[in-house]
Amino acid sequence: MERPLRPGHLTAEQTCQVLGISAGALRNLVYRGQLTRSGGTDRYPYYAVPDVTALVLKRRDRASA
């Protein structure tokens, strides 16, 4: 059963695809405070699109430096 998703949010699976990382790496980003959950449940968290976009840009800038 698919859960309804609030506008402006991504599931954990979608966030992993955008960032190009595994689920374990995503959990590490949350644990280290680089990304925060913005909804959902413990098992099915949601992440805000602006937060994910900011992290993508930060990682891109770091890779090009």
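Exposed means over 50% relative accessible area, and buried means under 20%. Partly exposed lies in between. The views below come from a predicted model.

**View 1. Arg-62 on helix α3.** Arg-62 sits in helix α3, which spans residues 49-64. Its relative accessibility is 59%, so Arg-62 counts as exposed. Arg-62 also belongs to a positive surface patch.

**View 2. The largest nonpolar core.** This core has 11 residues. Leu-10, Cys-16, Leu-19, Ile-21, Leu-26 and Leu-29 are among them. Leu-35, Tyr-47, Val-52, Leu-55 and Val-56 belong to the core too. Helix α3 supplies the largest share, 3 residues.

**View 3. Tyr-44 in a loop.** Tyr-44 lies in the loop between β2 (39-40) and β3 (45-48). Is Tyr-44 buried or partly exposed? Tyr-44 counts as partly exposed because its relative accessibility is 39%. Now find Gln-34. Tyr-44 and Gln-34 are 10 residues apart in sequence. In space, their C-alpha atoms are 18 Å apart.

**View 4. Arg-37 in another loop.** Arg-37 is placed in the loop between α2 and β2. With 40% relative accessibility, Arg-37 counts as partly exposed. Arg-37 and Arg-60 are separated by 23 residues in sequence. From C-alpha to C-alpha, Arg-37 and Arg-60 are 21 Å apart.

Methods. Residues numbered from 1 in each chain as written. Predicted model: local features only at pLDDT ≥ 70, side-chain atom pairs only at ≥ 80, totals over all residues. Heavy atoms only, no water. Patch = residues over 30% accessible without salt bridge, like charges linked within 9 Å, V, L, I, M, F, W, Y side chains within 5 Å. Areas by Shrake-Rupley, 256 points an atom, 1.4 Å probe, with all protein chains shown as cover. Salt bridge = Lys/Arg side-chain N within 4 Å of Asp/Glu carboxyl O. Lys, Arg positive; Asp, Glu negative; His and termini not counted. Charge placed at Lys NZ, Arg CZ, Asp CG, Glu CD. Helix = DSSP H or I, 4+ residues; strand = E, 2+ residues; numbered from the N terminus. Buried < 20%, exposed > 50% of the residue type's maximum accessible area, 1.4 Å probe, protein only. Core = buried A, V, L, I, M, F, W, Y, C linked by side-chain atoms within 4.5 Å.
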